[in-house]
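Here's a quick briefing to read with the structure open beside you.

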Number of protein chains: 4
Amino acid sequence: MILDATCQLSYQITEDVAVIFMLRPRTGVAQSILHEEFSIYPPVPILEFTDVYGNLCQRTTMPAGEFQISVRYHVDVADGIDVDPNAPLTPMEFLPTDVIQFLLPSRYCQSDMMTEMARSIVGNLPPNYSQVWEIHDWIRREITYVFESSNASTSAVDTLASRCGVCRDFAHLGIALCRAMSIPARMVVGFLHELQPMDLHAWFEAFIGGRWYTFDATQPNTKGNRIVIAYGRDAADVALATIFGEFQLNRMFVSVNPAGTGDGV
Amino acid sequence: MILDATCQLSYQITEDVAVIFMLRPRTGVAQSILHEEFSIYPPVPILEFTDVYGNLCQRTTMPAGEFQISVRYHVDVADGIDVDPNAPLTPMEFLPTDVIQFLLPSRYCQSDMMTEMARSIVGNLPPNYSQVWEIHDWIRREITYVFESSNASTSAVDTLASRCGVCRDFAHLGIALCRAMSIPARMVVGFLHELQPMDLHAWFEAFIGGRWYTFDATQPNTKGNRIVIAYGRDAADVALATIFGEFQLNRMFVSVNPAGTGDGV
Amino acid sequence: MILDATCQLSYQITEDVAVIFMLRPRTGVAQSILHEEFSIYPPVPILEFTDVYGNLCQRTTMPAGEFQISVRYHVDVADGIDVDPNAPLTPMEFLPTDVIQFLLPSRYCQSDMMTEMARSIVGNLPPNYSQVWEIHDWIRREITYVFESSNASTSAVDTLASRCGVCRDFAHLGIALCRAMSIPARMVVGFLHELQPMDLHAWFEAFIGGRWYTFDATQPNTKGNRIVIAYGRDAADVALATIFGEFQLNRMFVSVNPAGTGDGV
Amino acid sequence: MILDATCQLSYQITEDVAVIFMLRPRTGVAQSILHEEFSIYPPVPILEFTDVYGNLCQRTTMPAGEFQISVRYHVDVADGIDVDPNAPLTPMEFLPTDVIQFLLPSRYCQSDMMTEMARSIVGNLPPNYSQVWEIHDWIRREITYVFESSNASTSAVDTLASRCGVCRDFAHLGIALCRAMSIPARMVVGFLHELQPMDLHAWFEAFIGGRWYTFDATQPNTKGNRIVIAYGRDAADVALATIFGEFQLNRMFVSVNPAGTGDGV
């Protein structure tokens with residue numbers, strides 16, 4: 001399906017601040033960017049760079065006052081996600097070099113503390129896709145989605161204790177448990193068509209059988225029609241807007257619709 | 001000025017062929033991408049990657065038959081180009097590491113063979129911007145622009161002999177002469193507003209005083225309003241479409257207009 | 001001073017395991033590698049790669065049984081470290097792109113939770129080197145070095161609570177407090193001449209005035225004669241040996257001496 | 001076999017000059033660096049960086065006068081080279097992204113001009129290893145090794161015309177002919193045990209069946225016991241010492257012996 005996605009952000013700042021945006025999706029295995037708009041007001045010169053995960057980032061300094069940033073994309077995405085219950089875990093010695101970093105513990109995914117927990121969840125499942133599926137299923141069963149139940153410092157260890165969270169917490173816990181089993185896992189932020197209520201979203205991917213598979217424990221059925229904006233080790237790496245100073249978010253608008261349905265600008 | 005640029009390419013192939021496109025401009029020091037469209041027909045899955053120069057590239061395989069690719073951008077660019085006659089050449093020991101490669105001779109820029117030539121052109125000019133300006137001026141005076149006077153194998157050495165060429169030859173010669181003076185220089189391909197006749201264009205940049213400056217020996221006055229699509233050592237690195245097999249180019253259309261003037265799609 | 005450093009590690013494993021070593025120092029601003037030895041027994045084919053921080057890493061699979069790895073270097077290092085009390089903090093907009101990642105919170109450095117703490121330590125100091133010096137000094141005053149007081153999951157938040165730790169904990173806390181003030185900071189592992197007792201060591205660097213400065217809160221006077229082996233966001237990134245399976249460390253030997261004093265092999 | 005290789009270079013310069021050395025071999029698929037020495041006299045601070053091909057390079061500025069640089073390695077290498085007459089050429093769509101650049105024409109390998117030549121050599125051979133073997137064999141039969149028959153500007157086109165050359169010319173021609181057949185090929189510089197007379201050496205590798213294979217048309221039998229120092233598109237990329245100014249090479253010494261045979265220092 002071709003999706004038409006929009007994100008508009010409006011901020012108030014009281015002095016000039018440096019900002020970094022991570023809002024340009026890239027064409028990849030599962031998505032093709034057909035159309036992309038980026039506008040910032042007031043207009044400022046922008047410097048683009050690629051971070052260590054391949055995300056396209058943009059740096060600039062915004063003058064004091066109000067500023068808006070808005071993006072809109074038409075992206076061709078798959079309606080479903082790939083599932084392969086028999087895909088084998090990739091032995092460490094065959095992991096591509098740039099995948100290895102996704103085995104390391106990170107700010108919100110303290111995998112080093114969860115080896116026993118992960119083993120108890122996975123049990124005697126064979127060393128394949130089904131282990132990650134079981135981790136994902138366990139999170140669905142055991143963790144309750146509670147709006148605004150977590151904050152910017154909530155980690156997977158916290159979520160294990162509180163047993164509740166939002167999409168990023170579900171993703172962090174899934175990532176931490178995978179890494180604890182030596183399965184590479186990474187954070188994904190983006191858009192999901194028909195997410196209720198519509199918002200930016202987060203989920204995770206695990207590296208199995210030589211490729212990345214999508215998992216999303218917040219959804220009863222892991223649907224396709226996802227637009228990936230950025231990848232990272234965890235939420236620390238994939239803030240879509242980083243503002244280096246005091247600010248107030250005045251307004252945020254997100255929409256995702258089939259292209260051509262007239263709901264866009 | 002905000003430019004609205006379009007490029008449409010239509011090819012005929014008789015068997016499935018691998019292709020690489022280099023058609024996504026990046027936001028940078030001198031340009032901001034506000035709006036970008038990319039469409040390919042028939043639709044195929046595409047894999048995006050970044051080459052060693054930072055260009056966004058796309059790989060895919062096109063099925064036998066006809067295919068079209070079209071891109072359109074709105075890009076905010078400067079109306080003029082920066083000129084600083086007193087900017088000093090950057091001593092080798094202060095060159096950023098990733099600039100060093102632009103000192104090396106390359107396929108079409110045999111700088112290793114032009115040291116004497118470059119010295120005779122530059123003469124006693126001080127070690128600053130004026131040396132590159134003189135190289136650019138010399139090319140304007142000595143080389144004649146002749147449509148279709150060169151081909152895909154024409155190099156700077158060939159152009160020195162024939163004394164004629166097109167935009168890519170002018171750029172190659174400028175690059176080769178700069179490198180012969182140990183001044184880093186790189187190829188740029190993109191769009192130039194009001195180019196006569198309208199087409200894709202090529203020019204070069206030289207690294208002086210800690211930054212890159214634009215030079216274009218095909219134009220009487222080096223104007224701004226340029227959209228950069230890709231950088232490279234020379235034309236070998238920056239083919240906007242590389243087709244690994246037999247093909248016929250059926251049609252190519254390029255337009256560049258001020259945004260909002262209604263000339264686009 | 002030219003240092004002669006040796007590190008020998010001996011492990012026991014009960015089945016074949018994948019391993020990654022990060023034991024090859026690189027020549028850099030403050031050190032020149034004059035001589036380097038690397039040996040592994042039993043001999044196995046090794047694949048070398050560079051991680052996202054530029055560290056030289058080596059991958060292989062070790063067969064079940066005992067294995068030894070030993071390295072030895074002669075490295076020319078400075079006797080002192082650079083100190084500049086007036087070096088200004090680099091404004092965010094002038095940070096080099098590859099330094100930005102060292103502002104992010106990471107596994108052991110939860111800078112996002114320490115903004116108030118950092119501000120209270122730094123007080124009204126001017127925005128320069130003295131802020132980091134005060135952070136370093138505060139750690140020296142407030143945190144007690146206690147051998148074996150922490151483990152592989154101890155983070156900066158834990159250390160703030162327990163008020164004790166070892167070198168890596170001191171470094172993590174320094175890094176977290178710097179990042180909380182928007183000062184880039186990174187973990188360093190390596191050797192320190194005359195460390196008592198001799199062992200591998202960890203400290204941190206902060207990016208001030210356009211460059212990295214060395215800080216080591218475990219030492220009464222931050223001495224030079226340091227050999228850097230690897231850089232990272234925190235200890236998660238710079239394990240000198242990562243063994244993907246069960247193992248026992250049989251023996252570890254570290255020595256650092258002035259070259260030519262006969263204490264080496 | 002474990003080889004003990006030494007290279008000593010002595011230069012005379014009349015003013016301070018910037019230099020780049022590419023003299024640190026890396027552990028890889030076919031070699032393990034066990035021991036490495038690097039010394040430069042007079043001693044100067046050195047900055048190390050990795051170029052776009054992964055080679056470890058070193059930058060510094062040498063003061064006017066004489067300077068020496070010497071390196072010595074113990075490297076574990078294979079006694080033979082891998083040969084697989086049935087290894088299939090890798091279709092373009094399966095080439096790893098970082099291999100694609102080795103399809104492009106380059107300074108000394110004008111593959112764009114040799115398509116017909118390459119086809120006539122390869123004839124009706126199946127699309128596998130045998131095509132490259134035939135290219136290599138054709139060069140052995142048709143090009144004569146003549147000491148000092150070429151210089152720093154000699155390209156593959158020149159060698160095709162003159163029918164003679166040295167090791168770098170043989171490599172350039174092999175690379176150009178491979179690329180003309182859309183087979184990725186790269187330049188290798190390093191040491192070859194029992195080369196007669198002993199000197200630095202150059203050969204090439206072609207990417208076939210998902211990996212790189214070694215070819216050396218200067219040798220009657222392509223032997224192993226090779227130490228790779230650097231890879232590149234052609235000789236422009238892999239100068240072991242680049243001196244940005246006037247200089248005189250006073251002395252060059254190269255030795256390669258089985259380790260432990262007493263011929264070293």
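This is a predicted model: local features need pLDDT of at least 70, side-chain atom pairs count only at pLDDT 80 or more; totals for chains, interfaces and linings use all residues.

In chain D, four strands make up an open, antiparallel sheet. Elsewhere there are cis peptide bonds to look at, including one between A:Tyr41 and A:Pro42, and there are positive phi values at non-glycine residues, A:Glu194 among them.

**The sheet in chain D**
- Going across the sheet, the strand order is E4-E5-E2-E13 in chain D, with antiparallel pairing.
- From one strand to the next, the twist averages 20°.
- Zooming in on one pairing, strand E2 (residues 17–24) of chain D runs antiparallel to E13(D), and three bridges join them.
- Within that pair of strands, D:Val19 sits opposite D:Ile243 of E13(D).

- Chain B and chain C have no contact between them, and their closest C-alpha atoms are 12 Å apart.
- Chain A and chain D don't touch either; there the nearest C-alpha atoms lie 12 Å apart.

**Cis peptide bonds**
- As background, most peptide bonds are trans.
- The bond between A:Tyr41 and A:Pro42 is cis, with omega at about 0°.
- You'll find B:Pro197 in the loop between strand E9 (185–192) and strand E10 (201–208) of chain B.

**Positive phi without glycine**
- For context, most residues other than glycine have a negative phi.
- A:Glu194 has a positive phi, near 70°, and is not a glycine. Its place is the loop between strand E9 (185–192) and strand E10 (201–208) of chain A.
- Is A:Glu194 buried or exposed? A:Glu194 is exposed, because 10 other C-beta atoms lie within 10 Å and the cut-off for exposed is 12 or fewer.
- C:Arg163, another non-glycine residue, has a positive phi of about 60°. In chain C, C:Arg163 falls in the loop between helix H3 (156–162) and strand E8 (164–165).
- C:Arg163 has 11 C-beta neighbours inside 10 Å, so C:Arg163 counts as exposed too.

Notes: Residues are numbered from 1 along each chain as its sequence is written. Chains are lettered from A and ligands numbered from 1 in the order in which they are written. Two strands pair if DSSP finds at least two bridges between them. Helices (H or I, at least four residues) and strands (E, at least two) are DSSP runs, numbered from the N terminus. Axes are lines fitted to C-alpha atoms, for helices over the stretch in contact, and angles run from 0 to 180 degrees between N-to-C directions. Two residues are in contact if their C-beta atoms, placed from the backbone, lie within 7 Å. A residue is buried if 20 or more other C-beta atoms lie within 10 Å of its own, exposed if 12 or fewer, and partly exposed in between; C-beta atoms are placed from the backbone.
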